[in-house]
Amino acid sequence: MPFLVQNNSRMQRYELPINGDAMAMAYYRMEGDKIVLTHTEVPFEYSGAGIGTKLADGVFSLIRKSGLKVVPQCEFMAHYAAKHPEYNDLITG
């Protein structure tokens, strides 16, 4: 199953379609040139299946491409960032 994370800027969230109507989401708000990741949701039935990790990887990749910095306030995203030092250059206060 291919995974494609997209930025839905109108809803201020990154989206990862899973199956049919299921979707994992990472919500954010903009603060100047920073993206503040505030909350991550993965449908319960996909808990533990690695969907959150796929979402986080896509989110950080898109942020890198955007040239912006990220503040991972969301506990899941902060934990992901701590385990992936390749994204350290994106992290800011």
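This section describes helix packing, aromatic pairs and selected residues in a predicted model.

Residues are numbered from 1 along each chain as its sequence is written. Local features need pLDDT of at least 70 and side-chain atom pairs count only at pLDDT 80 or more, while totals for chains, interfaces and linings use all residues; side-chain values use heavy atoms, with hydrogens and water left out.

Helices and strands are DSSP runs numbered from the N terminus (helices H or I, at least four residues; strands E, at least two). The axes of helix α1 (residues 51-66) and helix α2 (residues 75-83) come within 10 Å and cross at roughly 75°. Axes are lines fitted to C-alpha atoms, for helices over the stretch in contact, and angles run from 0 to 180 degrees between N-to-C directions. On the α1 side the contact (heavy atoms within 4.5 Å) is made by G52, T53, L55, A56, D57, V59 and F60, and on the α2 side by F76, M77, Y80 and A81. By class, the contact of α1 with α2 has 8 nonpolar, 2 polar and 1 charged residues. Here Ala, Val, Leu, Ile, Met, Phe, Trp, Tyr, Cys and Pro count as nonpolar, Asp, Glu, Lys and Arg as charged, and the others, Gly among them, as polar.

Within α2, the residues M77, Y80 and A81 are buried. Buried means under 20% relative accessible area, exposed over 50%, and partly exposed in between (1.4 Å probe, protein chains only). Seen down the axis of α2, the buried residues fall within an arc of 100°, so they line one face of the helix; the arc is that of the directions from the helix axis to the C-beta atoms. The buried residues of α2 pack against β3, β4 (34-41), α1 and β5 (69-72). The face of α2 turned away from its buried side carries the exposed residues E75, A82 and K83. A78 is also found in α2 and, at 31% relative accessibility, counts as partly exposed. The C-alpha atoms of A78 and A26 are 12 Å apart in space, and these residues are 52 residues apart in sequence.

Aromatic pairs were assigned to rings of Phe, Tyr and Trp (its six-membered ring) with centres within 6.5 Å; planes under 30 degrees apart count as stacked, over 60 as edge-to-face and the rest as tilted. By this rule the count comes to 4 aromatic pairs. One of them joins Y14 and Y28 in a tilted arrangement, 5.1 Å centre to centre with 40° between the planes. This pair links distant parts of the chain, with Y14 in strand β2 (residues 13-17) and Y28 in strand β3 (residues 23-31), 14 residues apart. Both Y14 and Y28 are buried. F60, Y80 and Y87 form one aromatic cluster; of these, F60 and Y80 also take part in the contact of α1 with α2.

Two residues of strand β4 were examined. T40 lies in β4 and is buried, with a relative accessible area of 17%. Not counting residues up to four places away in sequence, T40 touches M25, A26, L55, C74, F76 and M77. E41 is likewise found in β4, but at 34% relative accessibility E41 counts as partly exposed. With the same exclusion of residues up to four places away, E41 touches M23, A24, M25 and Y27. The C-alpha atoms of E41 and N19, 22 residues apart in sequence, are 15 Å apart in space.

M30 lies in strand β3 and is partly exposed, with a relative accessible area of 38%. Leaving aside neighbours within four places in sequence, M30 is in contact with Q12, I35 and L68. Q12 is placed in the loop between β1 (6-8) and β2 and is partly exposed, with a relative accessible area of 32%. Most residues other than glycine have a negative phi. Q12 has a positive phi of about 50° although it is not a glycine.

T92 lies in the segment after α2 and is partly exposed, with a relative accessible area of 30%. Residues touched by T92, not counting those up to four places away in sequence, are K34, K69, V70 and V71. The C-alpha atoms of T92 and K34 are separated by 8.1 Å, and the two residues are 58 residues apart along the chain.
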